[in-house]
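Here's a quick briefing to read alongside the structure. Have the chain open and follow the topics in turn.

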Amino acid sequence: MALNLKVPQAETREQRLGTIIQWDGAASQLARDSAFTHGCQKGCDNGGRRLCEASTPFSQASMCAEQIAVTNATIIQESVVIQHSPIGCAASQTFTCRYYRDLAERRGWKLEDPKAICTNLIEQDMVFGGIRKLEETIREAWERHHPKVIFIAASCASGIIGDDIESAARSLEAELGVVIVPLYCEGFRSKHWSSGWDVIEHGILRRLVSREGKKQPDLINVIHLGGPDVFSPLLAPLGLKTNLVMGGSTLDTLAQMSEAQATVTMCFVLSYLATGLEQDYGVPEVKAPLPYGLAETDRWLREIASVTGRQGNVEAVIAAERERIAPELERIRKALAGKKGFVAAGAAFAHGLLVVLRELGVEVDSAFSYHHDPASDSGDPTQDTLSNLVDGWGDIPNYTVSPDQHFQAHAALQRSKPDFVVCRHSGTFASLAARMGIPVLPIFYSNDGIGYQGLITIGRAILRVLPRRRFYEDVSAHSRFPYQKWWLEETDPFAPIIEPA
Ligand code: SF4
């Protein structure tokens with residue numbers, strides 16, 4: 001389905017992709033039902049029925065789309081982000097500040113705090129409107145920082161009172177001569193935080209990508225969640241220059257995306273940007289599986305070479321990389337033989353990590369995905385990461401979809417009883433696993449498992465955490481959970497909501 005970049009708001013991923021956030025069963029069943037939902041991908045044509053979603057009687061703390069949009073706007077260099085919200089929404093800036101400073105250190109940027117301001121909407125503003133406050137804040141942001149771009153992030157509160165952010169942005173843009181990009185990320189608009197990615201990518205596509213640059217014949221956009229540049233070593237031998245975007249970008253890298261030969265995406269949670277670049281800027285998206293695992297990375301490189309017309313030495317690059325890692329891969333596989341792992345991460349990234357564990361010879365019978373998109377924005381079956389996992393590596397019998405709900409994660413770990421956990425979102429999942437006495441490998445920078453070297457990076461990291469079991473058992477012995485005994489023993493994450501037979 002085509003993206004509509006002419007309107008200021010991005011359509012939510014529930015509307016575009018049929019995203020669900022609650023489900024439990026075999027991965028093969030979810031893959032089959034997702035294909036049925038988006039029948040056009042797999043040859044069945046059913047008119048796009050929605051996936052049947054489970055529900056829970058209550059919800060624990062989680063994230064919202066505003067936090068994702070704000071974080072990813074804040075880590076764009078030379079920007080100021082204005083959160084048009086009550087001060088509570090700005091609590092996420094404590095994390096973003098640390099994130100930005102870490103990125104600055106890694107990228108060689110000036111080490112400073114990111115620039116974010118909250119309009120601090122209060123009761124009076126909820127009654128009389130907050131637009132004057134927003135206009136004053138935009139002027140203040142300009143006076144203080146003279147940024148190259150100002151983002152205005154909407155919130156539940158500004159959405160409820162219906163402040164006309166668009167008009168304020170246009171009039172202040174004319175007055176100050178600075179690009180102002182509204183981000184419509186009201187927390188209640190979407191049930192999943194990943195819609196925040198679409199919102200920031202929508203703003204980038206509409207306002208920050210250049211329509212005037214000249215094509216650069218060796219440039220390839222690599223859209224990633226964040227982390228070190230593990231792509232250049234893979235792509236440079238093909239004569240390609242990596243334009244690393246999202247996860248901390250400069251305005252120049254965003255602007256020149258339209259000049260690239262092609263775009264690859266490292267997690268299809270970010271597929272909105274690649275699809276928009278192809279649709280509105282004519283930059284083709286490479287349609288290939290994510291490069292997690294040997295065969296998948298081979299296919300990924302071959303497809304990039306094909307799209308960019310650089311097939312000449314791709315087989316030699318693949319052979320050399322495979323040969324380079326073979327001895328260490330063999331050592332890691334032997335060391336991990338007989339171990340059982342558990343993966344918790346967001347959708348496509350979780351599928352990628354599951355492939356990595358299976359490639360390393362680890363047994364995996366359970367996984368926890370923070371949401372599920374039945375399709376990617378391109379609608380291309382090669383981007384159906386769940387089906388690729390099931391078809392290529394076998395089923396995951398216990399596959400839970402849950403937006404980081406602690407009580408469900410506890411039951412899922414009780415069911416699996418793994419030797420170790422690999423997870424993203426360490427705040428919930430890593431601390432939970434640790435308190436249950438399970439060695440855990442938290443991954444913040446999701447590029448760690450990518451490509452041939454990714455297998456070695458993840459394998460070595462698991463081997464480092466496994467010997468710490470005694471430490472985790474000590475942590476567990478001194479930990480208490482706020483659940484009753486019957487739930488602590490429960491192994492079904494959806495037990496309270498399943499109707500008696
Ligand atoms: S935008 Fe809404 S859901 Fe998000 S932090 Fe603010 S009040 Fe909470």
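Helix α14 (residues 314-336) packs on helix α19 (residues 451-465) at an angle of about 25 degrees, with the axes 9 Å apart. That makes α14 roughly parallel to α19, since angles under 35 degrees count as roughly parallel, over 145 as roughly antiparallel, 65 to 115 as roughly perpendicular and the rest as oblique. This is a predicted model, so local features need pLDDT of at least 70 and side-chain atom pairs count only at pLDDT 80 or more, while totals for chains, interfaces and linings use all residues. Residues are numbered from 1 along each chain as its sequence is written.

**α14 and α19**
- The crossing of this pair is left-handed (the near helix is turned anticlockwise from the far one by less than a right angle; clockwise would be right-handed).
- On the α14 side, the contact takes in Glu321, Arg322, Ile325, Glu328, Leu329, Ile332, Ala335 and Leu336; contact means C-beta atoms, placed from the backbone, within 7 Å.
- Across from them in α19 sit Tyr452, Gln453, Leu455, Ile456, Gly459, Arg460, Ile462 and Leu463.
- Sorted by class, the contact of α14 with α19 has 10 nonpolar, 2 polar and 4 charged residues (Ala, Val, Leu, Ile, Met, Phe, Trp, Tyr, Cys and Pro are nonpolar, Asp, Glu, Lys and Arg charged, and the others, Gly among them, polar).

**α15 and α16**
- Helix α15 (residues 347-359) and helix α16 (residues 385-393) pack at about 15 degrees, axes 9 Å apart, and are therefore roughly parallel to each other.
- α15 passes α16 in a left-handed crossing.
- Ala348, His351, Gly352, Leu354, Val355 and Arg358 of α15 make the contact with Thr385, Leu386, Leu389 and Trp393 of α16.
- That contact splits into 6 nonpolar, 3 polar and 1 charged residues.

**α3 and α9**
- Helix α3 (residues 65-74) meets helix α9 (residues 195-208) at an angle of about 40 degrees, with axes 7 Å apart, so the two are oblique to each other.
- Here the crossing is right-handed.
- α3 brings Ala65, Glu66, Gln67, Ile68, Ala69, Asn72 and Ala73, and α9 brings Ser195, Gly196, Trp197, Val199 and Ile200.
- The α3 and α9 contact counts 7 nonpolar, 4 polar and 1 charged residues.

**Confidence**
- Mean pLDDT (the predictor's confidence in each residue, from 0 to 100) is 92 for the protein chain, and 96% of its residues reach 70 or more.
- Residues 39-46 have pLDDT below 50, and beyond near neighbours in sequence this stretch has 14 contacts in the model.

How values were computed:
Contact = placed C-beta atoms within 7 Å. Axes fitted to C-alpha atoms, helices over the stretch in contact; angles between N-to-C directions. Helix = DSSP H or I, 4+ residues; strand = E, 2+ residues; numbered from the N terminus.
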